[in-house]
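This report looks at charged side chains that pair. Please view the sequence and the model together.

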Amino acid sequence: MLEELRDVIRASLADLDAGDDPRRVVIACWLRLERLAAAAGAHRLVADTPTDLVERLLAAHQVDDRALRQLADAYRLARY
């Protein structure tokens, strides 16, 4: 699972390096993380938002709280 998380981040960074729109890259990264969470068996609870699902996945893999908050904030800013 950790390697898959790294792959998502690498792909997103490559998109940024390619000059893609940063807003679209952040949203695409988050959607990749959502798919990864679902594939890993992290089931969405009835009241879960996409953010809740991904945050639970990343927290389960001991992603640094500060980094997790920054990524979630970037996603919310890009999306809304």
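## Basis of the model

The model is predicted: local features need pLDDT of at least 70, side-chain atom pairs count only at pLDDT 80 or more, and totals for chains, interfaces and linings use all residues. Residues are numbered from 1 along each chain as its sequence is written, and side-chain values use heavy atoms, with hydrogens and water left out.

## Salt bridges in the structure

Side chains of opposite charge can pair when their charged atoms come close. A salt bridge here is a side-chain nitrogen of Lys or Arg within 4 Å of a carboxyl oxygen of Asp or Glu. The structure holds five of them.

## The pair in helix α4

D73 and R76 form a salt bridge at 2.8 Å, N to O. Both sit in helix α4 (residues 65-79), three residues apart, so about one helical turn separates them. Helices are DSSP runs (H or I, at least four residues), numbered from the N terminus.

D73 has 42% relative accessibility and counts as partly exposed. R76 is partly exposed too, at 32%. Partly exposed lies between buried (under 20% relative accessible area) and exposed (over 50%), with a 1.4 Å probe and protein chains only.

## The network around E3

Salt bridges with shared partners join E3, R6, D7 and R10 into one network. E3 pairs with R6 at 3.7 Å, N to O. E3 also pairs with R10, at 3.0 Å, N to O.

E3 and R6 both lie in helix α1 (residues 2-17), three residues apart, about one turn of the helix. E3 is partly exposed at 39% relative accessibility. R6 is partly exposed at 40%, and R10 is partly exposed at 46%.

Note on methods: Helices (H or I, at least four residues) and strands (E, at least two) are DSSP runs, numbered from the N terminus.
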